[in-house]
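Please look over the sequence and the model below before reading on, and keep both in view as you go through the paragraphs.

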Amino acid sequence: MSNTNPDPLHGVTLQKIVEHLVDYYGFDTLGELIKIKCFISNPSIKSSLTFLRKTDWARKKVEELYIKSLR
């Protein structure tokens, strides 16, 4: 019996997702791919997490980009 979950987001925190995307793309490219202020104007992991935890549509875009970056 395998306990692998097919959901790539399973067990991954929002912080890990944002850190991965910043390492993978950098804030400049992230701001172009997902046009939200927390990636464009004075970006930081902390400010991004604060915004994304309150903003479902933006978090969804970040999660979708994260899944694409894993392929």
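Is E64 buried, exposed or partly exposed? This is a predicted model, in which local features need pLDDT of at least 70 and side-chain atom pairs count only at pLDDT 80 or more, while totals for chains, interfaces and linings use all residues. Residues are numbered from 1 along each chain as its sequence is written, and side-chain values use heavy atoms, with hydrogens and water left out.

E64 is partly exposed, because its relative accessible area is 41%, where buried means under 20%, exposed over 50% and partly exposed in between, with a 1.4 Å probe and protein chains only. E64 forms a salt bridge with K60, their closest N and O atoms being 4.0 Å apart; the term requires a side-chain nitrogen of Lys or Arg within 4 Å of a carboxyl oxygen of Asp or Glu. Both E64 and K60 lie in helix α4, four residues apart, about one turn of the helix; a helix here is a DSSP run of H or I with at least four residues, numbered from the N terminus.

By this rule the count comes to two salt bridges, and R59 and D56 also meet in one, at 2.7 Å from N to O. R59 and D56 are three residues apart in helix α4, so about one helical turn separates them. D56 is exposed, since its relative accessible area is 53%, whereas R59, at 23%, counts as partly exposed.

Turning to another helix, F27 is placed in α1, which covers residues 14-33, and F27 counts as buried because its relative accessibility is 17%.

Terms used:
Helix = DSSP H or I, 4+ residues; strand = E, 2+ residues; numbered from the N terminus.
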